[in-house]
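Thanks for coming, everyone. I would like to take a few minutes to walk through one model, so please have a look at it before I go on.

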Amino acid sequence: MANLRELRDRIKSVKSTKKITKAQELIATSRITKAQARVEAAKPYATEIRKVTERLMAASSLDHPMLRERENGKRAAVLVVTSDRGMAGGYNYNVFKKAKELRNLLEAKGYEPVIYVSGNKGVGYYKFRGAEVAGSWTGYSQDPGYKETHDLRRHLIDGFLAGSTGTAKYRPGLNVPEGQEIQGFDQVHVVYTKFESMLTQTAVAHQLLPIEPVIEHEEYDFDEGILVNPGEVHSDVEFEPDADTLLAALLPKYVSRSLFAMLLESSASESASRRNAMKSATDNATALVNDLSRVANQARQAQITQEITEIVGGAGALAESGESD
């Protein structure tokens, strides 16, 4: 009986856990749709601003710091985008793994990595390991807004423009006293999770600054023997004001929007990863309940069989002793 009671208590506990994981799965599924809609809604603007920037870069002679690699670079900012909550499977682990690989690569090139974190899980991860974090921003991983991420985006841009020899002003989220100037950096990298499908999300490391030139893939027409797409961006557009002025004003907005798009993709990836993890947990709970119920039924059947055997044995003993009369 004790063993049977333990089995029933275990079944009850697993069923309660299953209700939680199923609820989390449904919530994550609903959030994926909203997150995907935000990503899709942001694509037209991102595509157009990229095209305009490419045209300006082709028409401009401006030597902007966002467009060139700095000689003797010393410091590189690394933004690690994580979730605010857990129960998302390997979502955060994959990001931390990719961030470690990036840090090792930067150190091998002679850079000093400066870690910035988005998301509570990242803050806890680096705090537990005693690693220094230059700044952290939390509370919006599942629903990043342009206003909520402003200080994060603005600091990374200001810090890069200042360079490792200059300083940037204080912004909320930085782990220094308010009003203190912050040393800049020569590169900006972002480690985030790219949303590929409902079942696939990939942690990637992307160099945000300086901007790497975008060259379209070359296409060769073998019948005509010519390049259909030579892989270069040409500009036949006249700009007012001049291209240099427009490019200098547009580049920070282009970088800021690119970073925001990465945060949106991470949001969709987080919900998809949590949905997959909770679905697996729910399926495992269902299988465990079935297994435990089978064992409980067998134990109950064995108990009933034993009770019947004892009754029959007792009746037989009474009949043999003649006491039944």
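Predicted model: local features only at pLDDT ≥ 70, side-chain atom pairs only at ≥ 80, totals over all residues.

Valine 80 stands opposite valine 117 in strand E2, and that is where I want to begin, with strand E1 (residues 75-81) and strand E2 (residues 112-118), which pair in the parallel sense over 7 bridges; two strands count as paired if DSSP finds at least two bridges between them. From E1 the chain crosses through helix H2 (residues 91-108) to E2, and this β-α-β crossover is right-handed, meaning that, with the strands pointing away from the viewer, the path from the first strand over the helix to the second runs clockwise.

Residues are numbered from 1 along each chain as its sequence is written, and side-chain values use heavy atoms, with hydrogens and water left out.

E1 also pairs with strand E6 (residues 187-195), again in the parallel sense, over 5 bridges, and there alanine 77 stands opposite valine 188. How many of the residues of E1 are buried? The count is 7 of 7, where buried means under 20% relative accessible area, exposed over 50%, and partly exposed in between, with a 1.4 Å probe and protein chains only. Both faces are covered, with Arg75, Ala77, Leu79 and Val81 on one side and Ala76, Val78 and Val80 on the other.

Let me turn to two glutamines. Glutamine 201, in strand E7 (residues 201-209), counts as buried because its relative accessibility is 18%. A polar atom of its side chain lies 2.9 Å from the backbone oxygen of serine 197, and the side chain of glutamine 201 also reaches the backbone oxygen of methionine 198 at 3.1 Å. Beyond four places in sequence, glutamine 201 touches residues including Phe195, Ser269 and Asn276, contact being heavy atoms within 4.5 Å.

Glutamine 142 sits in the loop between strand E3 (135-137) and helix H4 (150-162). Its side chain and that of arginine 31 are joined by a polar contact of 2.3 Å, a term for a pair of N or O atoms within 3.5 Å, where, within protein, one must be able to donate a hydrogen and the other to accept it, and residues adjacent in sequence count only if both atoms are side-chain atoms.

Conventions
Helix = DSSP H or I, 4+ residues; strand = E, 2+ residues; numbered from the N terminus.
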